[in-house]
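Please look through the sequence and the model shown below before reading on.

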Amino acid sequence: MTDAADKARSHYLARMRRARDHIDSHLDEALDLDTISAVASFSPAHFHRQFRALFGVTLHRYIQLARFKRAATRLAYGSESITRIALEAGYETPQAFSRAFRLRAGQIPSSFRKSPDWAAWEASCTALDLARSTLMTQHYTLDAVTIRKVAATRIAVMTHQGAPEGLGQTIQRFIAWRRANGLTPRNSATYTLLPDDPATTPPDHYRVGLCVGTDKPFSAFDEAIEISSLSAGRCAVLRVTGIIDHLEEAATELYQQWLPQSGEEMRDFPLYCQRIAFFPEVPEHESVAELYLPLK
């Protein structure tokens, strides 16, 4: 491909990305063909085919799936009323929302909120996640990694142990515990300890630590909560934007590409991340996490 062709393709893809990101940032608004194609400066006569060719789903289906995923995430992890979630998902009544939700998730919204079928939910979001990951691939370089000296941080930890597919249920319990104790993301930092590689750890032994930074004294803790700390010291830090549900690709880059060339040695403390901005509080392409690799 010539430089001119490569430049033209990059410009084209940037315009399509702009249209998709506009949808994700305006899910509460009317999203019609003319508006979305205008964001990308393309003719509406061809935009349906352009969108489907690049992202693998039709424009209409993408909008439906994006609203569904946001609604399902709010149901599972939030405290908003089902009526409000239904209206913000573009449905005129909770009943219409309930029918559509059941078709996709296999559960009505109230049942999903109480006990989500995570496998069905993951399957229903596959097409959307593939569309969102298109043009979102990050190529990490040595320049993307910074070394910071971090202070010790006291954390409350709820550990998930078991297959990754069950992590959503643990996250629900963790969020409910945080909410009950006034430890919201606005007043306390959110961390995740990542001691195990899901590709090599047997499902029964796979662990993830869901953590909140807090100096708040507690007279008693739920039996599922432990007090620990993120140890002080130097860390290699890689900032990740976009879909941050799965950080293994970024972690692999740290271990495979950055570490061998850095001359650094790792400290005996697990990889962890701080979740700075996360879906659905922000559009998924604006989600931000920072991976911390502790160094000697």
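## Around S124

Leaving aside its neighbours within four places in sequence, S124 is in contact with L65, F68 and R104, where contact means heavy atoms within 4.5 Å. S124 lies in helix α8, which covers residues 118-124; helices (H or I, at least four residues) and strands (E, at least two) are DSSP runs, numbered from the N terminus. At 12% relative accessibility, S124 counts as buried, a word that stands for under 20% relative accessible area, while exposed stands for over 50% and partly exposed for values in between, with a 1.4 Å probe and protein chains only.

This is a predicted model, in which local features need pLDDT of at least 70 and side-chain atom pairs count only at pLDDT 80 or more, whereas totals for chains, interfaces and linings use all residues. Residues are numbered from 1 along each chain as its sequence is written, and side-chain values use heavy atoms, with hydrogens and water left out.

## Aromatic rings

A search of the whole structure finds 15 aromatic pairs. Rings of Phe, Tyr and Trp (its six-membered ring) pair if their centres lie within 6.5 Å, and planes under 30 degrees apart count as stacked, over 60 as edge-to-face and the rest as tilted. The pair of F97 and F101 is tilted, because the ring centres are 5.6 Å apart and the planes stand at 55 degrees. These two residues are four places apart in helix α6 (residues 94-105), and therefore about one helical turn separates them. F97 is buried at 2% relative accessibility, and F101 is buried as well, with a relative accessible area of 1%.

How are the rings of F101 and F112 placed towards each other, stacked or edge-to-face? Their centres are 5.2 Å apart and their planes at 70 degrees, so the pair is edge-to-face. Because F101 lies in helix α6 and F112 in helix α7 (residues 109-114), the pair ties together parts that are eleven residues apart in sequence. F112 is buried, with a relative accessible area of 0%. F97, F101 and F112 belong to one aromatic cluster, which is formed by F68, Y77, Y91, F97, F101, F112, W118 and W121.

Another ring, that of F42, has R15 over its face, at 3.8 Å from the ring centre; a charge sits over a ring if NZ of Lys or CZ of Arg is within 6 Å of the ring centre and within 35 degrees of the ring normal.

Helix α1 (residues 3-25) and helix α4 (residues 59-77) pack at an angle of about 40 degrees, and their axes are 10 Å apart. The contact is made by R20, I23 and D24 on the side of α1, and by L59, Y62, I63 and A66 on the side of α4.

## Loops and backbone

S41, in the loop between α2 (33-39) and α3 (44-55), has a positive phi of about 60 degrees although it is not a glycine. The peptide bond from F279 to P280 is cis, with omega near 10 degrees, and P280 is found in the loop between β7 (271-277) and β8 (288-295).

A further proline, P202, has its place in the loop between β3 (190-194) and β4 (207-213), and at 45% relative accessibility P202 counts as partly exposed. P202 and A163 are 39 residues apart in sequence, and their C-alpha atoms are 8.1 Å apart in space.

Terms used. Axes fitted to C-alpha atoms, helices over the stretch in contact; angles between N-to-C directions.
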